[in-house]
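Please read them with the coordinates open.

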Amino acid sequence: LYPDGTAYSLSAPDFMSVRQDSRAFEQIESLEARISSADNERADYFGEWCRTGVAPIADDEEVKERSPVPYWIKTHRQPLVVTNMREHPLSLGFEDLLERLNLKSLAAVPIIHQGRVIGMLSAHQTRGHRRWAEDDIDLLTAVATQVGSMLENARLIAELREANRLKDEFLGTYSAATSSERWVVGVYGAP
């Protein structure tokens, strides 16, 4: 139902698709978003959702400093899908971190804005290993794409506001200049 009272309905195939997508998220224990500014390798924004009983990792300073996943996502520009973190080459040198976090499986996708990887969206499993399905990765990618689109829309809105501000400033200056000119002409007469 929209705010104006108009009803929205899903066709049967759309409903089944939404239902299947939500089932993919039902099994995820933790979902994290990291977004960086253009001049910063470290994430400026962290957002995280955790299932009850799952410890958050986004606020962990050691994870922010040492995790190789954001760099991998930024350089490879594609999803990273790991069923068993301990057996993956990225875990080398980070065994202590994996043990402390109890991280078993990971799926991460890039968030792309203006053709540049600005962050990642990642899903974590801590209670058991997970063989990530193609639907899981497609859903994470769709969400990451939406985040990128929202950032592009926000940029366009900011540009439009700045253009309006400059237009108003110009019109104010022009109006002041032309009214002064009329005043001078009115007092002294036209040349």
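Is Glu-61 buried, partly exposed or exposed? Glu-61 is partly exposed, its relative accessible area being 45%. The points below put this residue in its setting; note that the model is a predicted one.

1. Overall make-up. The protein chain contains 5 helices and 5 strands. Read from the N terminus, the order of elements is α-β-β-α-α-β-α-β-β-α. The chain has 191 residues, and 31% of them count as buried. Among contacts with a separation of 6 or more, 56% are between residues 24 or more positions apart. The accessible surface of the chain is about 12,400 Å², with 57% of that belonging to carbon and sulfur atoms.

2. The pair within α2. Glu-61 forms a salt bridge with Lys-64, and the closest N and O atoms are 3.3 Å apart. Both residues belong to helix α2 and sit 3 residues apart, about one turn of the helix. The two partners fall into separate accessibility classes: Lys-64 is buried, with a relative accessible area of 18%, whereas Glu-61 is partly exposed at 45%. Lys-64 counts as buried because its value is under the 20% cut-off.

3. Salt bridges between elements. A search of the whole structure gives 11 salt bridges. In one of them the side chains of Glu-62 and Arg-100 meet, at 2.8 Å from N to O. This pair links distant parts of the chain, as Glu-62 is in helix α2 and Arg-100 in helix α4, 38 residues apart. Both ends are partly exposed: Glu-62 has a relative accessible area of 30%, and Arg-100 has 44%.

4. Glu-99 and Arg-86 meet through their side chains in a salt bridge of 2.7 Å, N to O. Here too distant parts of the chain are linked, with Glu-99 in helix α4 and Arg-86 in the loop between β3 (80–82) and α4, 13 residues apart. Glu-99 counts as exposed at 51% relative accessibility, while Arg-86 is partly exposed at 43%. Separately, salt bridges with shared partners join Asp-60, Glu-62, Arg-66, Asp-96 and Arg-100 into one network.

5. The structure holds 2 cavities of 30 Å³ or more. Helix α4 gives the most, with 3 residues.

6. Backbone points to check. Most residues other than glycine have a negative phi. Asn-102 has a positive phi of about 60 degrees although it is not a glycine. Asn-102 is in the loop between α4 and β4 and is partly exposed, with a relative accessible area of 33%. Gln-114 also is not a glycine and has a positive phi, of about 55 degrees. Gln-114 is placed in the loop between β4 and β5 and is exposed, with a relative accessible area of 53%.

7. The end of β4. Which residues does His-113 touch, leaving out those up to four places away in sequence? They are Ile-118, Gly-148, Leu-151, Glu-152 and Arg-155. His-113 belongs to strand β4 (residues 105–113). His-113 is buried, with a relative accessible area of 11%.

8. An exposed glycine. Gly-53 is in the loop between β2 (45–50) and α2 (61–66). At 76% relative accessibility, Gly-53 counts as exposed. The C-alpha atoms of Gly-53 and Glu-29 are separated by 9.0 Å, and the two residues are 24 apart along the chain.

9. A nonpolar surface patch. Phe-170, Leu-171 and Tyr-174 form a nonpolar patch on the surface, together accounting for about 340 Å² of accessible area. Of these, Tyr-174 lies in helix α5 (residues 134–188). Tyr-174 counts as partly exposed, at 49% relative accessibility.

Definitions and conventions:
Residues are numbered from 1 along each chain as its sequence is written. This is a predicted model: local features need pLDDT of at least 70, side-chain atom pairs count only at pLDDT 80 or more; totals for chains, interfaces and linings use all residues. Side-chain values use heavy atoms; hydrogens and water are left out. Patches are made of residues with over 30% relative accessible area and no salt bridge: like charges are joined within 9 Å, nonpolar side chains (Val, Leu, Ile, Met, Phe, Trp, Tyr) within 5 Å. Accessible areas come from the Shrake-Rupley method with a 1.4 Å probe; for residues, only the protein chains shown count as cover. A salt bridge is a side-chain nitrogen of Lys or Arg within 4 Å of a carboxyl oxygen of Asp or Glu. Helices (H or I, at least four residues) and strands (E, at least two) are DSSP runs, numbered from the N terminus. Buried means under 20% relative accessible area, exposed over 50%, partly exposed in between (1.4 Å probe, protein chains only). Contact means heavy atoms within 4.5 Å. On a 1 Å grid over the protein atoms alone, a cavity is a set of points where a 1.4 Å probe fits but cannot get out, and a pocket is an open set with protein on both sides within 12 Å along at least five of seven lines; lining residues have an atom within 4 Å of a point. Grid points are joined across faces, edges and corners, and a volume is the space filled by probe spheres set on the points.
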